[in-house]
Amino acid sequence: MNILERSYLISLALAASLASFAQDSLVKSDINTAAKLIDVQFSQSEVDMMYPGVKDNISNYQKIHNLKLDNSVPMSLSQSPLLPGMKLPTDQKLVNWTLAKNVQLPKNRNELAFYSIPQLASLLRDRKISSVELTKFFIERLRKYGDSLQCVISITDDIAMRQAATADAELKVGLHRSILQGIPYGLKDLFAVKGTKTTWGAAPYKDQDIEEDAFVYSQLEKAGAVLIAKFTLGALAMGDYWYGGRTKNPWNLKAGSSGSSAGPASATVAGLVPFAIGTETLGSIVSPSSTCGATGLRPTFGTVSRSGAMTLSWSLDKIGPICRSAEDAAAVFSVIHGTDGKDGSAVNAAFNYTGLADFKKLRIAYVKNYFDKLDSNANDHKVLDVYRKLGAILIPIKIVDSLLYPFDMAGIVIGSEAAAAFDELTRLNIDDQLTRQTDNDWPNYFRKARLIPAVEYVNTNRHRYKLMEDMAKIVSPWDVIITPTFSGRQLQVTNLTGYPVVCIPTGFNKNKTPTSITLIGKLYDEATILAVAKAYQQATEWEDLHPEMFK
């Protein structure tokens with residue numbers, strides 16, 4: 001029995017005792033005192049009528065509390081970004097990957113750390129390097145730099161060497177599984193993998209074993225990719241502080257990498273892996289990708305099954321790749337998208353990527369009122385210049401936040417769902433074991449969320465539906481919308497409505513740390529935004545620049 005289980009049993013007995021006391025000690029005046037917290041008032045006659053039923057409710061809560069619910073148990077309700085009349089694209093065509101020809105091993109072996117996925121795939125298929133050699137190379141880099149970046153929770157040596165040997169044997173006889181075959185990668189440590197600890201970045205769970213293989217890991221294993229590490233995340237998927245410290249930005253080790261996909265972004269940019277898998281609820285792929293200078297794809301909600309992944313918010317959690325280029329992100333997404341039928345919100349949507357952006361046909365807009373708030377010399381404006389030189393006709397549009405998003409919709413949704421997902425953590429005082437205890441960290445956030453009424457959570461999601469309708473009107477005329485990554489509330493709005501975005505590096509700020517731009521696409525059209533991102537990256541150099549200390 002581990003510490004968490006012992007704490008659960010001890011705290012359960014205490015909680016039952018306190019709950020019984022709460023029911024017996026409830027007086028009628030408590031009802032209106034509580035009502036003040038939810039902006040409601042009842043007359044005395046109404047309180048008199050409510051009183052017996054409120055006591056019955058407490059009795060029901062006690063019965064609920066005596067039934068253990070693991071984080072993996074979903075809600076019976078599921079979220080979909082589709083509105084009536086919208087159709088899910090299901091006609092999947094074969095995606096042909098063009099591997100670079102005559103790729104050579106570098107004289108300086110460290111340069112191999114920053115080769116693209118197509119380059120590495122070419123080396124492996126031409127037998128110029130084996131997957132075992134490549135895997136050992138990246139594991140050595142993990143051991144050399146992992147502590148400096150505080151980005152590694154565990155190195156999966158045994159799994160890695162077994163999978164690398166399998167890849168070599170298959171490549172030797174010409175069995176090609178995917179473009180990722182034989183290529184090492186890392187997972188954010190909220191994905192379960194049999195035989196590994198899955199810590200969720202949080203002290204109460206640092207010895208947790210989940211005997212399950214997450215869908216995304218299974219997809220990558222089928223594709224022949226090689227798992228070499230599980231990376232840090234901010235505790236329970238918030239920020240970049242985890243139970244072992246703070247994950248660092250590879251461009252500035254005095255700064256954090258942002259989060260919560262802190263380790264995947266930091267490790268990928270530092271060349272410790274060719275790519276990694278992250279998750280996002282409200283910025284956890286985009287923010288560390290922007291901060292560290294990675295290319296992060298947050299796909300349409302529901303395009304990757306979340307089975308075997310830690311739940312924070314059932315209606316908002318998404319899985320996506322963190323890479324060094326849009327082409328690499330497309331390669332990874334082509335493997336991980338889809339569903340195993342275990343995630344009620346996940347679908348099998350087509351991903352028909354060509355990598356080609358025809359700017360004569362593409363309808364591209366930019367959010368002018370967001371750009372107008374920036375300095376005229378900001379890198380965001382230079383992005384628009386690059387696209388115009390590529391032949392794009394950019395149409396200014398306006399997104400008025402007050403019309404789309406007049407209250408903290410995301411806070412109510414995430415607060416309610418996350419507090420439910422970690423109910424026992426709060427109710428049994430296990431949250432005291434979490435490393436961070438400020439007013440902006442999960443322990444306090446979960447406690448406040450206990451006071452969000454179910455009625456307000458439901459009505460917030462009804463307003464969310466209206467937001468989805470408004471967002472559909474804005475997005476529908478365009479193939480791509482260009483927006484500054486952190487201007488306005490687009491990050492919240494696109495997450496709440498499920499639209500895909502890709503975040504790409506655009507240079508550096510005065511502090512010599514990366515800047516980024518975000519491309520918004522239509523639902524399930526990751527292919528177009530990735531192709532448009534690729535065109536920008538082919539015309540610029542930013543994704544090819546790497547932190548000096550890791551070269």
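Predicted model: local features only at pLDDT ≥ 70, side-chain atom pairs only at ≥ 80, totals over all residues.
I then looked up where Ile38 sits: it is in the loop between α2 (28–36) and α3 (44–65). Its relative accessibility is 31%, so I noted Ile38 as partly exposed.

**Cores.** The largest nonpolar core holds 145 residues, and Leu236, Tyr387 and Ile482 have the most contacts inside it. The element that gives the most to this core is helix α10 (residues 326–336), with eight residues. I listed the neighbours of Ile482, leaving out residues up to four places away in sequence. Among them are Ile364, Val367, Phe371, Leu384, Tyr387, Leu394, Ile517 and Leu519. Another core, of six residues, lies apart from the largest one, and its members include Ala265, Ile285, Cys292 and Ile322.

**Backbone.** I checked the backbone angles. The peptide bond joining Gly259 and Ser260 is cis, with omega about 10 degrees. Ser260 is in the loop between β7 (252–256) and α8 (262–269).

Which phi value does Gln150 have? I found it near 50 degrees, which is positive, and Gln150 is not a glycine. Gln150 is placed in the loop between α5 (131–149) and β1 (152–155). I recorded Gln150 as partly exposed because its relative accessibility is 23%.

Lys512, also not a glycine, has a positive phi of about 65 degrees. This residue is in the loop between β14 (501–508) and β15 (514–521). With a relative accessible area of 64%, Lys512 is exposed.

**Salt bridges.** My search of the whole structure gave 19 salt bridges. I wrote down a few.

- Asp343 pairs with Arg306, with the closest N and O atoms 2.8 Å apart. Asp343 is in the loop between α10 and β11 (364–367) and Arg306 in the loop between β9 (295–298) and β10 (318–323), so the bridge ties together parts 37 residues apart in sequence. Both Asp343 and Arg306 are buried.
- Arg447 and Asp431 meet at 3.2 Å, N to O. Arg447 belongs to helix α16 (residues 442–449), while Asp431 is in the loop between α15 (423–427) and α16, 16 residues apart.
- Asp91 bridges to Lys93, with the closest N and O atoms 3.3 Å apart. Asp91 is exposed, at 52% relative accessibility.
- Asp423, Arg427 and Arg450 are linked in a network of salt bridges.

Conventions. Residues numbered from 1 in each chain as written. Heavy atoms only, no water. Helix = DSSP H or I, 4+ residues; strand = E, 2+ residues; numbered from the N terminus. Buried < 20%, exposed > 50% of the residue type's maximum accessible area, 1.4 Å probe, protein only. Core = buried A, V, L, I, M, F, W, Y, C linked by side-chain atoms within 4.5 Å. Contact = heavy atoms within 4.5 Å. Salt bridge = Lys/Arg side-chain N within 4 Å of Asp/Glu carboxyl O.
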